Amino acid sequence: MAPSALLLGDPERLPFAGHLRLVGLRQDAGIAVAARLGVGGLDDAALVPAFRAARALEARLERATAGAEPGRHALLHALWQALAEAPAAELGPSAGGDLCLLALAWDAQGQGVAGVGLGAVWGRSAAGVAPLVAPGHPLLAPPGRPASLPGVLDLDAGTLLSVIGAPSHLPAALPSLSELDRRCGVRS
C-alpha cells in the first residue's frame, strides 16, 4: 500500500469543505498530497467556490506530478512549480492565501515531506504516531503559496506509512488514535 498524506478536518458541520487528496504513483516513486483551500468557517455561499478551487488545484497537481521525472525531489519540485504557476483566480476567493498543503514523496532512496499552512505534523510508522517536527520547524510554514521553493524534510526509505497535518488554524493537538482516521476523513 502506498504511503498517504492526511489533513485534519475542521470540527464544524462540513469538516472537509475545500479539501483534496491525491496519490500519484510513478515507476519506483510516488507522491501523496493532502490540501485545502477556503479554510475555516465556511458558510453555504463559500462552499461552491471552495469546492471548485480544490478540484482545480487537484487536477493541476495531478497533471504536474504525472508529467514529472521520477524521484521524490522531482515530484515535489513539480508540485511546487505547478502551484506557483496557478492563476490566482483558480485558487479561490483568497487567491491561495489560505492554502494548507502536506506532501509525502518517496523513491527507493528515501522519503521527503514538505508543506505550508501547518500547525503540527505527525508521522505514522509501524511503531505508532509521533510528532515529526518540533514547533518552530520550517515545515510549519504559514498558509498560502510559498514565496520561494520550500525545503524538504528527508527521511530514510520506508520510514513513514503516512503523514498527518493539522492546518495552522486548528489546535496543534493530535486527536486520540481511535478518532484520528475519522478526523482526517478516512473511512475503513
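Predicted model: local features only at pLDDT ≥ 70, side-chain atom pairs only at ≥ 80, totals over all residues.
Residues are numbered from 1 along each chain as its sequence is written, and side-chain values use heavy atoms, with hydrogens and water left out.

**Stop 1: the cysteines**

Stay on Cys184. Its closest cysteine sulfur is that of Cys100, 13 Å away. A disulfide here means a pair of cysteine sulfur atoms within 2.5 Å. By this rule the count is zero. Cys100 is buried, at 1% relative accessibility. Cys184 is buried as well, at 2%. The cut-offs are under 20% relative accessible area for buried, over 50% for exposed, and partly exposed in between (1.4 Å probe, protein chains only).

**Stop 2: the largest nonpolar core**

Select Ile31, Val33, Leu57, Leu61, Leu99 and Leu101. Of the 29 residues in the largest nonpolar core, these touch the most other members. Such a core is a set of buried Ala, Val, Leu, Ile, Met, Phe, Trp, Tyr and Cys residues joined through side-chain atoms within 4.5 Å. Now color by element. β2 (19–26), β3 (29–36), α1, α2 (72–85), β4 (100–107) and β5 (110–116) each supply at least two residues of this core. Helix α2 gives the most, with seven residues. A second, separate core has 18 residues, including Ala34, Leu104, Leu118 and Leu139.

Zoom in on Leu101. Leaving aside neighbours within four places in sequence, its contacts (heavy atoms within 4.5 Å) include Val33, Leu61, Trp80 and Val116.

**Stop 3: helix α1**

Select Val48. This residue lies in helix α1 (residues 44–66). Helices (H or I, at least four residues) and strands (E, at least two) are DSSP runs, numbered from the N terminus. Val48 is partly exposed, at 44% relative accessibility.

**Stop 4: the four-stranded sheet**

Which strands make up the open sheet of four? The order is β1-β9-β6-β7, with mixed pairing. Two strands pair if DSSP finds at least two bridges between them. The edge strands, β1 (4–7) and β7 (128–131), each pair on one side only. Next, select β6 (residues 118–125) and β9 (residues 162–167). They run antiparallel, joined by six bridges. Finish on Gly123, which stands opposite Val163 in β9.
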